[in-house]
Amino acid sequence: MAEPVSNITAQMPRAKLAGLLLFFLGPAVVIYTLFSIYPLVATMALSTYTSDPSGARSFVGLANFETLLGDALWSKPFWNALGNNLIFFAVHMCMQNPIGIALAGLLSLPGLRLKGFYRTVMFLPTMLSVVIVGFSWNLILSPLWGVAAGALKAVGLGSLFAPWLGLESSALVTLSLISVWQFVGIPMMLIYAALLNIPEELIDAARVDGLGQFRIFFHIKLPLVLPTISLVSVLTFVANFNAFDLIYSVKGALAGPNFATDILGTFFYRTFFGNQLQLGNPTMGAAVATVMFFIILLGLCLYLFLVQRRIRRYAF
Amino acid sequence: MTAEQRAKSLGVHLVLIAYSLLAVGPILLVVMNSFKVRSAIFGSPLAPPDAATFSLVGYEKVFRSSHILTYYSNSLIVTLVSMALVLLFGAMAAWALTEYRFRGSTALALFLSIGIMVPIRLGSVAILNMMRSAGLNDTLTALILVYVAQGLPMSIFILSEFIQQIPRDLRDAARCDGVPETRIFFEVVAPLLRPAIATVAVFTIVPIWNDLWFPLILTSSDSTHTVTLGVQQFLGQYITDWNSVLAALSMAILPVVMIYVILSRQLIAGLTSGAVK
């Protein structure tokens, strides 16, 4: 925000400036610090404590993390959730970006009719609650209703149908695909906006040189929207490693079958809030949240230091 | 247009139509079947309701056995109050950060931007403790405070970009006339931020309305549940009653879809504007 500041405000008396800053910044900074930053810090602090049944807390240093990563009772579900979360993210990356790029590419074709209609319709699922989307797909894929089975039978693939959401082998990938279906609108829109921002002269020059639409897209447009694609990827990373709603609403807190769909968000909820199998444990919950924080931080740092820096060299 | 171009354009439209169907098909299917009798839901799920199969039995049941109207009003209160505060406090902070030069302004801007990337959800353990000790547990106020804190960073970021685009002469002219700073903000700058509201809305209203996590953690009684949580719990309870389940889903879908269709032009313009880059 290194904008030139007008001379008049620069010459303001100090006391007056302080008063104005307090008035304009005060409410936002207080609410944000109190209900966003402080809880994050307090949660990390709490992760170094343990509480006995009477509720008294005592400092234990990093013991909670040792338990989480070393005690099989805790580490097995933790690594399971982390592994599942990585699969959840991998499915998003492999499906969401290519589909988003393809749709954005088609939408940005010059002279395409009904553009606004397609955009509106294809973005609609992104606006809905994850709970609603999850449950709707739960019904559609249910063998009880038979819509998915019927649709496959209609195209002669009836034998392919299985209760995907119920099987240990396919439940996680199915849920990931439901999430991709819902959120593909975001990469589509951001990449579409980036494509529209490419200077017209660049495309014209390529066309004069005799390149077709296809090659213009892959050789000129795509490299120019790479920064947007990596931004979308890091947004997806943060959202995925913090996801909870979809698994909880389709599979419940126990993330069945047999924890096959358990990700860090549901693991955190069970640890912190408790469920049919265990009592809630706020201090261990805080430890899980702290680990999730560092995983997200790691992803953000990788993005900032590796991807951002390399991309800047291509920027024009 | 040559035959080849026409074939290409037809192909493009076929792909886009196919994907559009994939995007709205499931939603249409749920809404359509919510208006049918049970036998028709299972007998011919793909057929729209007709005179023989039309029924509102699911909706009647949802109204009778859940507090759906309370959920709606809770969601409305929480979303509207949070949005108003996010816009007001966000615009004020964005104004101060872009307009005044002071020591630590860059550090403050960085501090405020942490919340764009780090999800506030990770602080839930401490948030619940705080709300309990402040006596705010199970109140809409608790939800509003959390959502304002969650929405502020993004709105400050977006609104700063908008404020920077307002011509400087406009504010300095007012200053030369001796207009106080607060009036410059509220009477000159704030009205010019109207186009930014749609952009901020995409990033704040939608996640608040759709959120399941904080209502689940912070509210425990029916009188404070939001639509998302209320419907989620209703679905879990009545899972075998397909009429009610489809009706409850439709009731959660329809208001959002209606608002989206009305505002979609502004929402999409906001999303594709430079503010998100």
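The model I am reading is predicted.

**Chain B, overall fold**

I read chain B along its sequence and noted the pattern α-α-α-α-α-α-α-α-α-α-α-α-α. That is 13 helices and 0 strands.

In chain B, 46% of the 277 residues count as buried. Then I turned to contacts between residues at least 6 apart in the sequence of chain B. Of these, 75% join residues at least 24 apart.

**The largest nonpolar core**

Which residues touch the most other members of the largest nonpolar core? I found A:Ala28, A:Met292, B:Ala93, B:Val146, B:Leu159 and B:Ala248, in a core of 158 residues. Helix H7 of chain B, residues 140-165, gives the most to this core, with 17 residues. I also looked at the domains of chain B. Domain 1 (24-55) and domain 2 (61-276) both give residues to the core, so the core lies between them.

Leaving out residues up to four places away in sequence, B:Leu159 touches B:Gly90, B:Ala91, B:Ala94, B:Leu193, B:Ala196 and B:Val200.

**Where the chains meet**

I looked up the contacts between the chains. On chain B, 78 residues are in contact with 69 residues of chain A. Helix H1 of chain B, residues 3-33, supplies the largest share of the chain B side, 11 residues. I sorted that side by residue type: 53 are nonpolar, 17 polar and 8 charged.

**Chain A, the annotated stretch**

An unreviewed UniProt entry annotates residues 82-305 of chain A as "domain: ABC transmembrane type-1". I checked the structure over residues 82-305 of chain A. The chain there is 71% helix and 0% strand. The end C-alpha atoms of this stretch are 23 Å apart.

**A:Met44**

I placed A:Met44 in helix H2 of chain A, residues 14-46. Is A:Met44 buried or partly exposed? I count 19 C-beta neighbours inside 10 Å. Buried takes 20 or more, so A:Met44 counts as partly exposed. I then looked at A:Thr290. A:Met44 and A:Thr290 are 246 residues apart in sequence, but their C-alpha atoms are 5.6 Å apart in space.

How values were computed:
Residues are numbered from 1 along each chain as its sequence is written. Chains are lettered from A and ligands numbered from 1 in the order in which they are written. This is a predicted model: local features need pLDDT of at least 70, side-chain atom pairs count only at pLDDT 80 or more; totals for chains, interfaces and linings use all residues. A nonpolar core is a set of buried Ala, Val, Leu, Ile, Met, Phe, Trp, Tyr and Cys residues joined through C-beta atoms within 7 Å. A residue is buried if 20 or more other C-beta atoms lie within 10 Å of its own, exposed if 12 or fewer, and partly exposed in between; C-beta atoms are placed from the backbone. Helices (H or I, at least four residues) and strands (E, at least two) are DSSP runs, numbered from the N terminus. Domain bounds come from an automatic or database domain assignment. Two residues are in contact if their C-beta atoms, placed from the backbone, lie within 7 Å. Ala, Val, Leu, Ile, Met, Phe, Trp, Tyr, Cys and Pro count as nonpolar, Asp, Glu, Lys and Arg as charged, and the others, Gly among them, as polar. UniProt positions are given in the numbering used here, feature names are shortened, and annotations may be inferred rather than shown by experiment.
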